[in-house]
Amino acid sequence: MDEALHTRGRSRSLAQRIAVALTVTAAGLAVLFGLLGAEWRDEAREADAAARERQLAQSLADRGGVHLAAGDLLRLSTVAAVVRDAADGRVLVLDAEGKVVIDTSLVLGEQRLGLLAVDGPLQRMLMSANEPVLRETAAPIRRVGETLGEVRVHCPLPERHGGFDFAAAGLALLIGFAFVVGAVVCACHWSTRVRTTTGALLRLAAGERAGARGAVDDEREFCELSAAMRELERGMADGLQRVCEGYVAMALRLVDGLERRLLAVPGHGERTARLAQSIGSRLDLPADDLRDLDLACRLVDLGKAMIRPTILQKTTPLTEGEAESLRCHPVRAAELLECVPALRPVADILRAQLERHDGKGGPAGLRGERIPLAARILAVASGFDLLTSCTANEPMPWRTALARLGEERGAAFDPQVVDLAAAAIEAAPPDDARRDVLLVRGGEVPWRAEPVARTRAATDDDDDVAAFADDALELVDGNEAVQR
C-alpha cells in the first residue's frame with residue numbers, strides 16, 4: 001500500500017511538473033504574440049492606408065482625364081479637393097509636360113516636376129529634414145491610350161501605436177492552456193499505464209495472480225511492453241552491427257598496413273581465406289561459420305600489430321622473450337576482437353590458430369577435437385601458404401608443401417583437415433611460376449608457434465620501421481629476382 005501511494009505521488013508530481021513547465025511556456029508565448037500582434041496590427045494599418053491611397057489616386061486619374069483634356073481646371077480642382085479631403089493629404093495634378101497645373105496646398109504651382117508614372121502607378125517614400133515622412137502615390141492620366149498627365153497624392157504615414165495586443169495575447173494564452181490541459185491528461189494517462197505495467201511486473205515477480213479483468217489488462221500492457229522491448233532490441237542490434245562493421249574495417253586496414261610495410265607476409269590472409277573456404281565447403285560448414293572463418297583468415301596477422309617492429313624485422317635468432325612475444329600474437333589478436341560481441345567467434349578462432357593436434361601447441365594446450373574446427377582449418381591453410389610464400393632459398397612447389405604438411409599429419413594438424421586441404425589443392429593447384437615469394441635469409445618461416453624470422457634488419461630505433469637494409473629482402477616472381 002505504501003509503495004502504491006508513493007508511486008501515485010510520483011505520478012502526480014510528474015503531471016504537476018509538466019503542467020508548470022507548459023504553463024510557463026504558454027505564458028511566454030502569449031506575451032510574445034501580444035508584442036508581435038501590435039507590430040502586425042500597425043503593419044496591417046499601413047498596408048490598408050497604402051491601398052486606399054492607390055485607389056484614390058487611380059480614381060482621380062480616371063475621373064480627371066476628361067477635365068484635363070478639355071482644360072476645365074475648375075472642375076478638376078473640385079475633384080482634386082474631394083480626393084485631398086478623403087486622403088487627408090495633398091494632391092498634385094501634372095500635365096503631359098510634367099508641369100503642375102493643380103496643387104491643393106498652393107505651393108508648387110506652375111513648376112515642372114516631370115512624370116513618374118509613365119509606365120504605371122507607383123508608390124514611394126519622401127524623406128525630408130523639415131517635414132514628416134510622406135508616402136507619394138502617382139497614377140498616370142490616360143485617355144484613348146494617350147498620356148495626358150499625372151496625379152500625385154502625398155499622405156503622411158499612419159502613426160504606429162505599438163504597445164501590446166491583448167487580443168492576440170489572450171488567444172495565444174487560451175490555446176496554450178488548452179494544450180497544457182491536454183498534455184496533463186495524456187501525462188496522467190501515461191503514468192497510469194506505466195503504473196499498471198509496473199504493478200503487473202511486480203505481481204509476476206512475487207508470484208501473484210490477478211483477477212480475470214486484471215489479467216486481460218495486464219496482457220495488453222505486456223504486449224505493448226514486449227513490442228517496445230523488441231523495438232529497443234532491434235535498434236541496439238542495428239547499432240552493434242554498425243560498430244562491428246566499422247571495427248572489422250579498421251582491423252583489415254591495420255593488417256593491410258602491416259603487409260604494406262612488410263611486417264607481415266603480403267597477401268597471406270587472402271590466400272589463406274580462399275583455401276580455408278574450399279576446405280570448409282567440403283566439410284559443409286554453415287554459412288555463418290564460413291563467414292567467421294573467412295574473416296579470421298584475413299585477420300590472421302592482426303596480433304602482430306601489437307609486437308615491436310624490430311622483432312618482426314629481426315633476421316638473427318630471437319631471444320626467449322622475443323620468441324614468447326611473437327608466440328602470443330594470436331592471443332593479442334583475440335583480445336582486440338573479443339570486445340565486440342559479434343566478433344567473439346572470430347576471436348576464438350584466432351586464439352587457437354597455433355594449437356597443435358597433439359596438444360603441444362599454445363596458448364591453452366588444446367588437443368584433437370577440443371580445438372575449434374575453424375581454428376584447425378585455419379592452421380592448415382595458413383601453414384600451406386607460408387610454406388609456398390616464405391622460404392629461405394627458393395620457392396617451395398605446392399606438391400613439396402603438401403608433403404611437408406603430410407609429415408605433420410596427426411601431430412601439428414588434424415589428419416582429416418590435411419586430407420581435405422590436399423584434395424582441394426589438387427583440384428585447383430596454384431601456379432608455382434606466377435606467384436610472389438618472400439625470401440627470408442634467417443631460415444624457413446615455420447607454421448608452428450615459434451619465432452618467425454623477418455627479412456629486414458633491426459634498426460637502433462624500434463619505431464623507425466621505414467628504414468631497413470637494401471639487401472635484406474628479395475621478391476621473387478617466378479625465376480626472376482627483383483631487388484627491393
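Accessible areas here come from the Shrake-Rupley method with a 1.4 Å probe. On that basis, the chain has an accessible surface of about 26,900 Å², and 56% of this belongs to carbon and sulfur atoms. Please keep in mind that this is a predicted model.

**The chain as a whole**
- The chain has 484 residues, and 38% of them are buried.
- Its secondary structure comes to 13 helices and nine strands.
- Among contacts in the chain with a separation of 6 or more, 62% are between residues 24 or more positions apart.

**A look at Asp-301**
- You will find Asp-301 in the loop that runs between helix H6 (287-298) and helix H7 (309-313).
- Asp-301 has a relative accessible area of 4%, and it counts as buried because that value is under 20%.
- Setting aside neighbours within four places in sequence, Asp-301 is in contact with Val-255, Leu-258, Ala-264, Val-265 and His-268.

**Where H8 meets H9**
- Helix H8 covers residues 320-327 and helix H9 covers residues 329-337.
- The axes of H8 and H9 are 5 Å apart, and the two helices pack at an angle of about 40 degrees.
- On the H8 side, Ser-325, Leu-326 and Arg-327 meet His-329, Pro-330 and Arg-332 of H9.
- Sorted by class, this contact of H8 with H9 has two nonpolar, two polar and two charged residues.

Note on methods:
Residues numbered from 1 in each chain as written. Predicted model: local features only at pLDDT ≥ 70, side-chain atom pairs only at ≥ 80, totals over all residues. Heavy atoms only, no water. Helix = DSSP H or I, 4+ residues; strand = E, 2+ residues; numbered from the N terminus. Buried < 20%, exposed > 50% of the residue type's maximum accessible area, 1.4 Å probe, protein only. Contact = heavy atoms within 4.5 Å. Axes fitted to C-alpha atoms, helices over the stretch in contact; angles between N-to-C directions. Nonpolar A, V, L, I, M, F, W, Y, C, P; charged D, E, K, R; others polar.
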